[in-house]
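Hi everyone, and thanks for coming. Let me walk you through a structure that may be new to you.

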Amino acid sequence: LRRLTAEEVRDSIIFVSGMFERRQFGTPDEVNVRKDGLVTAVAVDGAYRRSIYLRQRRKEMPSFLETFDLPQMNPACQDRAVSTVAQQALYLLNSTMVRDLSQSFAEAVRSYSEDRAERVRRVFITVTGRLPTEEERTVALNSFDQLEAVWRDHQATLSEEEQKEFNVELKALATYCHTML
């Protein structure tokens with residue numbers, strides 16, 4: 001085992017979600033710089049390229065990469081800092097990009113099989129590269145029941161028109177995929 005670099009973490013999440021753009025070279029992908037300082041990648045036609053193709057400037061480092069210890073762009077930077085801080089988990093939890101990629105991943109897993117156990121197996125193999133243990137499979141299946149109950153309660157608070165478009169099963173699967181990512 002080894003720790004993934006910032007670029008590997010971002011690229012892995014994009015790849016697993018199925019929203020990975022393989023196009024190489026060319027101009028860097030644009031970023032959106034918010035007034036509060038958050039710098040996020042702009043998806044081109046709904047897909048993201050590798051982190052190496054993301055525009056990076058000293059004063060506008062992509063927040064995802066900076067959170068996961070991308071080396072500073074100083075002339076004498078010879079090492080990568082290695083930290084494990086709460087901001088890393090919080091970024092993955094609260095990032096709109098990660099939530100959108102989780103939704104895309106869930107849609108792909110959902111189209112793969114109707115069977116919940118098979119979906120759990122697929123998510124595990126895709127994210128971790130291994131099959132789930134029996135305990136992990138049981139916890140995942142129980143989690144699906146709990147997640148569906150939570151999303152069903154949320155659905156009840158929506159208008160009738162919104163309820164028609166709301167898919168409880170997909171929302172539960174997307175939440176599980178987000179957790180696994």
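Before we look inside, one term: a nonpolar core here is a set of buried Ala, Val, Leu, Ile, Met, Phe, Trp, Tyr and Cys residues joined through side-chain atoms within 4.5 Å. Please also keep in mind that this is a predicted model.

So, how many residues does the largest nonpolar core have? It has 17, and Val-120, Phe-144 and Tyr-176 are the ones with the most contacts inside it. At least two residues come from each of α4, α5 (116–128), α6 (134–156) and α8, and α8 is the top contributor, giving 6 residues.

Now to a pair of helices. α4 spans residues 96–112 and α8 spans residues 168–180; their axes come within 8 Å and cross at roughly 120°. The crossing is right-handed. Among the residues that meet there are Phe-105 and Val-109 from α4, and Leu-173 and Cys-177 from α8. By type, the residues of this contact are 8 nonpolar, 3 polar and 4 charged.

Last stop: Leu-93, in helix α3, residues 86–94. Beyond residues up to four places away in sequence, Leu-93 touches Arg-99 and His-178.

Notes: Residues numbered from 1 in each chain as written. Predicted model: local features only at pLDDT ≥ 70, side-chain atom pairs only at ≥ 80, totals over all residues. Heavy atoms only, no water. Axes fitted to C-alpha atoms, helices over the stretch in contact; angles between N-to-C directions. Helix = DSSP H or I, 4+ residues; strand = E, 2+ residues; numbered from the N terminus. Left-handed = near helix turned anticlockwise from the far one by under 90°. Contact = heavy atoms within 4.5 Å. Nonpolar A, V, L, I, M, F, W, Y, C, P; charged D, E, K, R; others polar. Buried < 20%, exposed > 50% of the residue type's maximum accessible area, 1.4 Å probe, protein only.
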